[in-house]
Amino acid sequence: MSIEVIDDQFMVCTDCLMIIANDDATGLDYSLSEEEAAEREREIREAIAEVQRTEGQIAVGDSDMDDEFSASPCACCGTRLAGQRHHCVILAKR
Ligand SMILES: [Zn+2]
């Protein structure tokens, strides 16, 4: 069994990265109310689960390939809020 990268440009927002990298959503409380943060966390976790179910495992990529500012939607949760995008990859087990 080998691990293959099936998507080497999976650019995610900072919120998604926190959860993908550290399984930590505490940073969400920063700019949101407790209720909004819980809703946002649920949305992100669902998006991650969906990618893992249909594509493969999300792994943190190369921070040198991060985008300082992008208006492209987050590849994970789909937010259109412009901002930083972090490089991740999707791994498939074959
Ligand atoms: Zn996101």
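Just after helix 1, Asp23 adopts a positive phi of about 50°. Asp23 is a residue other than glycine, and its phi is positive. Asp23 sits in the loop between helix 1 and helix 2. Its relative accessibility is 52%, so Asp23 counts as exposed. The model is a predicted one.

The overall fold was examined next. The protein chain contains two helices and four strands. Read from the N terminus, the order of elements is β-α-α-β-β-β. The radius of gyration is 13 Å, close to the 12 Å that the globule rule gives for 94 residues; the chain is therefore as compact as a globular protein of that length. The C-alpha trace spans about 45 × 25 × 20 Å along its principal axes. Of the 94 residues, 35% are buried. The protein chain exposes about 6000 Å², and carbon and sulfur atoms supply 47% of this area. Among contacts with a separation of 6 or more, 72% come from residues 24 or more positions apart.

The zinc site draws on four cysteines. Cys13, Cys16, Cys74 and Cys77 each coordinate the zinc ion through SG, at 2.3 to 2.4 Å. The four donor atoms subtend angles of 106 to 113° around the zinc ion, which makes the arrangement tetrahedral. For comparison, the ideal angle for four tetrahedral donors is 109.5 degrees. Along the chain, the donors follow the spacing C-x2-C-x57-C-x2-C. Cys13 belongs to strand 1 (residues 3-13), whereas Cys77 belongs to the loop between strand 3 (67-70) and strand 4 (83-93); the pair therefore ties together parts that are 64 residues apart in sequence. Cys13 and Cys77 are both buried.

The nonpolar interior was then considered. In soluble globular proteins, nonpolar side chains tend to be buried together. Here the largest nonpolar core has 21 residues. Phe10, Val12, Cys16 and Cys76 have the most contacts inside this core. Strand 1, helix 1 (14-22), helix 2 (34-54) and strand 4 each give two or more residues to the core. Cys16 is also one of the zinc ligands. Helix 1 has a run of buried residues: Cys16, Leu17, Met18, Ile19 and Ile20.

Phe10 is located in strand 1. Its relative accessible area is 3%, so Phe10 is buried. Neighbours within four places in sequence aside, Phe10 contacts Val51, Ile58, Ala75, Cys76, His86, His87, Cys88, Val89 and Ile90.

Phe69 lies in strand 3. With a relative accessibility of 59%, Phe69 counts as exposed, whereas Phe10 is buried. Phe69 touches Ala82 and Gly83, not counting residues up to four places away in sequence. Phe69 and Arg85 are 16 residues apart in sequence, and their C-alpha atoms are 6.8 Å apart.

Two further aspartates were inspected. Asp15 is part of helix 1. At a relative accessible area of 23%, Asp15 is partly exposed. Beyond its neighbours within four places in sequence, Asp15 is in contact with Leu28, Arg40 and Ile44. Asp15 and Thr26 are 11 residues apart along the chain, and 9.7 Å separates their C-alpha atoms. Asp62 occupies the loop between strand 2 (57-60) and strand 3. Its relative accessible area is 34%, and Asp62 is thus partly exposed. Asp62 and Tyr30 are 32 residues apart along the chain, with their C-alpha atoms 26 Å apart.

Definitions and conventions. Residues are numbered from 1 along each chain as its sequence is written. This is a predicted model: local features need pLDDT of at least 70, side-chain atom pairs count only at pLDDT 80 or more; totals for chains, interfaces and linings use all residues. Side-chain values use heavy atoms; hydrogens and water are left out. Donors are N, O and S atoms within 2.8 Å of the metal (3.2 Å for Na, K and Ca); water is not among the atoms, so sites may look incomplete. Four donors count as tetrahedral if all angles lie between 85 and 135 degrees; four count as square planar and six as octahedral if opposite donors are over 155 degrees apart and all others between 65 and 115; anything else is irregular. Buried means under 20% relative accessible area, exposed over 50%, partly exposed in between (1.4 Å probe, protein chains only). The radius of gyration is taken over C-alpha atoms; the globule rule is 2.2 Å times the number of residues to the power 0.38. Contact means heavy atoms within 4.5 Å. Accessible areas come from the Shrake-Rupley method with a 1.4 Å probe; for residues, only the protein chains shown count as cover. A nonpolar core is a set of buried Ala, Val, Leu, Ile, Met, Phe, Trp, Tyr and Cys residues joined through side-chain atoms within 4.5 Å.
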